[in-house]
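Let's read a protein model together, one feature at a time. Have a look at it first, and then we'll talk.

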Amino acid sequence: SKYWRAAANVAAGEDVLNAAQFMSDKGSIFRPYPRAIKMELGMLTTEAAIIIGDIKAGAKYLGVLAEEDPKLNEIDQLALLEGMLKQLSGDFTGAITAWEEVEKGEHRPSKANAVILRSDLLLSMRKIKEKDKVARAVTSKAELKDIEIVSEILEQKAEVRTHNSLPSTYT
């Protein structure tokens, strides 16, 4: 289906804006799936809503996922998305608080992402300097004992930025 193709493209960082728009528009599709698929697909759909700036849809999808009795690692992932939604809505303090909670969690990729997102936001708010951001990232890397996770995330972010202007195949 077009929804699954869009999900694959968002996950792969290909044609992200168009795929994210399609996923957000058709987001309720993930509701009837079994829990494991629903959680993964729902988080991706929430992320798609965030990518296109649709706060209302993102909050709706996040609410559906929160009702699924999330496991510990899923709680970290949902809190990361919650922080992203809060940042998008202008609640910077709420975003920072959400990401600080993620940093205390167990899901290592979410922890790494939270450090980066929180540091970027604090830097943009001029609450920290660039050297503090680097120090936080280095400290986080040491705590995570897996520098490759942070590197992968940064590479994915760079790839997403380069693929945002590709033509749509979802209309």
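Q: Which residues does Met43 touch, not counting residues up to four places away in sequence?
A: A contact means heavy atoms within 4.5 Å. Leaving out residues up to four places away in sequence, Met43 touches Lys38, Leu65, Glu74, Gln77, Leu78 and Leu81.

Q: Before we go on, what sort of model is this?
A: It's a predicted model, where local features need pLDDT of at least 70, side-chain atom pairs count only at pLDDT 80 or more, and totals for chains, interfaces and linings use all residues. Residues are numbered from 1 along each chain as its sequence is written, and side-chain values use heavy atoms, with hydrogens and water left out.

Q: Which residues touch the most other members of the largest nonpolar core?
A: In soluble globular proteins, nonpolar side chains tend to be buried together. A nonpolar core is a set of buried Ala, Val, Leu, Ile, Met, Phe, Trp, Tyr and Cys residues joined through side-chain atoms within 4.5 Å. Buried means under 20% relative accessible area, exposed over 50%, and partly exposed in between, with a 1.4 Å probe and protein chains only. Here the largest core has 24 residues, and Tyr3, Val10, Met23, Phe30, Met43, Leu65 and Leu78 touch the most other members.

Q: Which helices supply at least two residues each?
A: Helix H1 (2–12), helix H2 (16–25), H3, H4 and H5 each do. H3 gives the most, with seven residues. Another core lies apart from this one, with ten residues, including Trp99 and Leu121.

Q: How many helices does the chain have?
A: Helices (H or I, at least four residues) and strands (E, at least two) are DSSP runs, numbered from the N terminus. This chain comes to nine helices and zero strands.

Q: What do the buried residues of H5 pack against?
A: They pack against helix H3 (35–51), helix H4 (55–66), helix H6 (92–103) and helix H7 (108–124). Among the buried residues of H5 are Glu74, Asp76, Leu78 and Leu81.

Q: How far is Asp76 from the nearest side chain of opposite charge?
A: Lys and Arg count as positive and Asp and Glu as negative, while His and the chain ends are not counted. A salt bridge is a side-chain nitrogen of Lys or Arg within 4 Å of a carboxyl oxygen of Asp or Glu. Asp76 sits in H5 (residues 72–89) and is buried, yet has no salt bridge: Lys111, the nearest side chain of opposite charge, is 7.4 Å away.
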